[in-house]
Amino acid sequence: MFNEKRSSMLHGVLLIALFSCAAFYIGEMPFVKSLSFSPMIVGIILGMLYANSLRNNLPETWVPGIQFCSKKILRIGIILYGFRLTFQDVAAIGLPAMLIDVIIVVVTICGGIYLGKLLKMDRGIALLTSIGSGICGAAAILGAESTIKAKPYKTAVSVSTVVIFGTISMFLYPFLYRNGICALTPDQMGIYTGSTLHEVAHVVGAGDAMGNGISDSAIIVKMIRVMMLVPVLLITTYMVARARKKQVQKGQKFQKIAIPWFAIGFMGVIAFNSFDLLPAQLVAGINTLDTFLLTMAMTALGTETSIDKFRKAGAKPFVLALLLYIWLVVGGYFLVKYLTPYLM
């Protein structure tokens, strides 16, 4: 019985791994590369296509394997994400970039939660969309989802909004910079790009289009935002714990709080990576493995997301994401243009 259960679970894991391999292959195609769609984004699209076509033919015994990918493998992937950054990188970029990052993250998340209340939309989707827009797109949403235990379709809806607006920015920023519409120095443009674009892949794509000088600083600024995922998840955990404590006081059933140990592990990996103890080739290999694990998690989430669930979520998540996007593009520009000269 136990072996049969393990075998069924393995089938689900292998299914997701197969989809993830396909995502990597598709991600290498010239057209997909031109959009700077990471394998993670391709993975969730493949998962959603499967959810809306062949999902009903999947044996129910395979479902635990899919859930294993969307939870356990996800947390391992977030921990290993720390190998992309060192504390030396953070120190090199300086105070102005860090301060801009803090303002962007705090205003985006707090503003998104407030706007979500005004729009009377689902709290989980509002929080996930705000964290994804404020920090690092899909990876941040995945981390927050693991903390607040949101339903898979809510995570997929939030990821979709981040992908749409992040992709628009990836093409918009180079256009604005090349045509002189963004009156920023290369250093300021790097800070602006890294502090306001959604996905790491979007920052890489936009930065490459504007030159190495901008690209290098933009990626470091972006990775500082990624580090802010840790305090955000810890605060989110505390807030969820308070809300559930009130539920218990009102006589409702207590739900166990998930402490985001993976977020602390993420910081520990960054600290270890800062000592530069591992060969560069090994770190590159770990980063590739990590991307694959996160792709598996995204694909698994996609398989739980049908068109009916998008309809259930309605248009409000996209309205919220649009409002946050306007803040990032316009508010971020004025912050960088008028605040950084006083800090540099």
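Asp276 is placed in the loop between α14 (261–274) and α15 (280–302), where helices (H or I, at least four residues) and strands (E, at least two) are DSSP runs numbered from the N terminus. This is a predicted model, in which local features need pLDDT of at least 70, side-chain atom pairs count only at pLDDT 80 or more, and totals for chains, interfaces and linings use all residues. Residues are numbered from 1 along each chain as its sequence is written, and side-chain values use heavy atoms, with hydrogens and water left out.

**Loop residues with positive phi**

- Asp276 is not a glycine, yet has a positive phi of about 55°.
- Asp276 counts as exposed because its relative accessible area is 63%, given that exposed means over 50%, buried under 20% and partly exposed in between (1.4 Å probe, protein chains only).
- Lys120 lies in the loop between α6 (95–118) and α7 (123–134), and its phi, near 55°, is a positive value in a residue other than glycine.
- Lys120 is exposed, because its relative accessibility is 72%.
- Most residues other than glycine have a negative phi.

**A buried serine in a helix**

- Ser158 belongs to helix α9 (residues 152–178) and counts as buried because its relative accessibility is 0%.
- A polar atom of the Ser158 side chain lies 3.0 Å from the backbone oxygen of Lys154.
- Leaving aside residues up to four places away in sequence, Ser158 touches Ile125, Leu128, Thr129 and Ile141, where contact means heavy atoms within 4.5 Å.

Conventions: A polar contact is a pair of N or O atoms within 3.5 Å; within protein, one must be able to donate a hydrogen and the other to accept it, and residues adjacent in sequence count only if both atoms are side-chain atoms.
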